[in-house]
Amino acid sequence: MSDLNKLGLAEARDALRKGETTSVELTEACLKAIDAADALNAFVHKTPEIALERAKAADARIQEGEAPAMCGLPVGIKDLFCTKGVASQAASKILDGFKPEYESTVSQQLADAGAVMLGKLNMDEFAMGSSNETSAYGNAVSPWRRGNDDAQLTPGGSSGGSASAVAADLCLAATGTDTGGSIRQPAAFTGTVGIKPTYGRCSRWGVVAFASSLDQAGPMTKSVRDAAIMLEAMCGHDPKDSTSAELAVPNFEAMLTGDIKGKKIGIPKEYRMEGMPAEIEKLWADGTEMLKAAGAEIVDISLPHTKYALPAYYVIAPAEASSNLARYDGVRYGNRAVLEAGDGITEMYEKSRAAGFGQEVQRRVMIGTYVLSAGFYDAYYNRARRVRALIKRDFEEVFAAGVDAILTPATPSAAFGLGEMIDADPVQMYLNDVFTVTVNLAGLPGIAVPAGLDTQGLPLGLQLIGRPWEEGDLLNTAYALESAAGFVAKPGKWW
């Protein structure tokens, strides 16, 4: 078989089981593709020795029979996941050289299932960003281009390296994390599938924390079926994570029937934003018609507190970040600044953090510290928490009325050029999360599915939001949407 790196998880799994290829061959094809794609800056720590060792072990396991679905499949791991003995620095200078002595639960579960780790993937520093331009490793670059334009585009953020690697066929799939849209927005920008599961479905242990009540890991893949396969391997109760749900993990792939007859799909009127591009509006209308044609019932719904979601998110997330990032002080691990004679502990903290944290991280830490300060705690943080409760209640009322899933755009635009927004007003960048943050605030599952191209040939995605803990049902609705949309476009190879 040729072009093995272009296979999806399901196709590769079936080829391995039939003996048409081996995990070693799959892995070597991906490693070769990675080495030829440095222009994308997607993989920032390559681990070929670990990959080939695991591939050989996977081949032996497949030979014996009874190997799990992920066995032998090469994947990339976002740099936010701690991986034992392998650099894990959350794309930040402050963690330069940090090699954990432990493995995150999610990456360990994938390893236990026989998945092959190809290396660590680029991302926004501490997952703070929507364009992968805040990374200590430099920008990740999308494999997509606008028409005949050579301008480099963002693969989205914060899981930009993951999205770029999957879209460019450098790996079969990748892990991502989503705090306000960091799986779904990059997936929509790169024509891939990304699912953020219900909060608590995947363990957060060993994942470098940004905002602990919002962070959730999930897979980024080439198809909905692949997302179902990988999500099952990543889920499960973890006693090391107090927010991990003690729930059985269903066979998500077995739930992909494509039958959504009689399902109620809600269309929220509040997501019809002023100034929404006509292409996004049309994509949304087309997606609605596709689901209707597949037998779903379309209902108009209201989520009245949606307009407060972004302000609430940008109070809660920085507040939690300022608390979480206080541990990076140059004392126990990570980078310590060079001190001068007479410097004390305070100067060490200040200099280490000033040199170690990038501009966006510093901005969010300052916002978070401000909203948590004594004079503003009630005015900002407590008010944002109350708004969050109202947003959650909006969704609960809609689901209680019998709605099975909610269809919205995934992003307000197609991918933009690197450098086009990072230097502008940061609030403009934050608006990229306008359709995704509500899902994190309410702890719900959400999935981005590629559904079309804009006039410049760039991918556009739709988002489906599901009931809590019903990822299987959500994946099935996404599967029906994917089948109807028939998105097969791939970026032309220029790297």
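Strands are DSSP runs of E with at least two residues and helices are runs of H or I with at least four, each numbered from the N terminus. The legends below use these names for a predicted model.

**Figure 1. Strand S11 at Pro459.** Pro459 lies in strand S11, which covers residues 459–466. With a relative accessible area of 1%, Pro459 is buried, because buried means under 20%. Apart from neighbours within four places in sequence, the contacts of Pro459 are Trp144, Ala188, Phe189, Thr190, Gly191, Ala414, Gly452, Leu453 and Phe487. Thr192 stands 267 residues away from Pro459 in sequence, yet the C-alpha atoms of these two residues are 8.8 Å apart in space.

**Figure 2. Helix H6 at Gln185.** Gln185 belongs to helix H6, which is formed by residues 184–190. This residue, Gln185, counts as buried, its relative accessibility being 0%. When neighbours within four places in sequence are left aside, Gln185 is in contact with Ser130, Gly156, Gly157, Thr411 and Asn432.

**Figure 3. Helix H5 and what covers it.** Helix H5 consists of residues 160–167, and eight of its eight residues are buried, so the helix is largely enclosed by the rest of the structure. The buried residues are Gly160, Gly161, Ser162, Ala163, Ser164, Ala165, Val166 and Ala167. The cover over these buried residues of H5 includes the strands S1, S2 and S3, together with strand S4 (173–178), helix H6 and strand S6 (216–221). Just after H5 comes Asp169, which takes a positive phi of about 60°.

Figure 4. An α-helix has 3.6 residues a turn, so residues three or four places apart point the same way.

**Figure 5. Lys493 in the segment after helix H15.** Lys493 is placed in the segment that follows helix H15 (471–485). Its relative accessible area is 61%, and Lys493 is therefore exposed, a term that applies over 50%. Along the chain, 456 residues separate Lys493 from Ala37, whereas the C-alpha atoms of the two are separated by 9.9 Å.

**Figure 6. The whole protein chain, for orientation.** The protein chain contains 15 helices and eleven strands. Its radius of gyration is 21 Å, close to the 23 Å given by the globule rule for 495 residues, so the chain is as compact as a globular protein of that length. Taken along the principal axes, the C-alpha atoms fill a box of roughly 70 × 55 × 50 Å. Buried residues account for 61% of the 495 residues, and, of the contacts between residues at least 6 apart in sequence, 77% join residues at least 24 apart. The accessible surface of the chain is about 18600 Å², with 51% of this belonging to carbon and sulfur atoms. The chain carries 47 positive and 62 negative charges, and the mean positions of these two sets are 2 Å apart.

Technical notes:
Residues are numbered from 1 along each chain as its sequence is written. This is a predicted model: local features need pLDDT of at least 70, side-chain atom pairs count only at pLDDT 80 or more; totals for chains, interfaces and linings use all residues. Side-chain values use heavy atoms; hydrogens and water are left out. The radius of gyration is taken over C-alpha atoms; the globule rule is 2.2 Å times the number of residues to the power 0.38. Buried means under 20% relative accessible area, exposed over 50%, partly exposed in between (1.4 Å probe, protein chains only). Contact means heavy atoms within 4.5 Å. Accessible areas come from the Shrake-Rupley method with a 1.4 Å probe; for residues, only the protein chains shown count as cover. Lys and Arg count as positive and Asp and Glu as negative; His and the chain ends are not counted. The place of a charge is taken as NZ of Lys, CZ of Arg, CG of Asp or CD of Glu.
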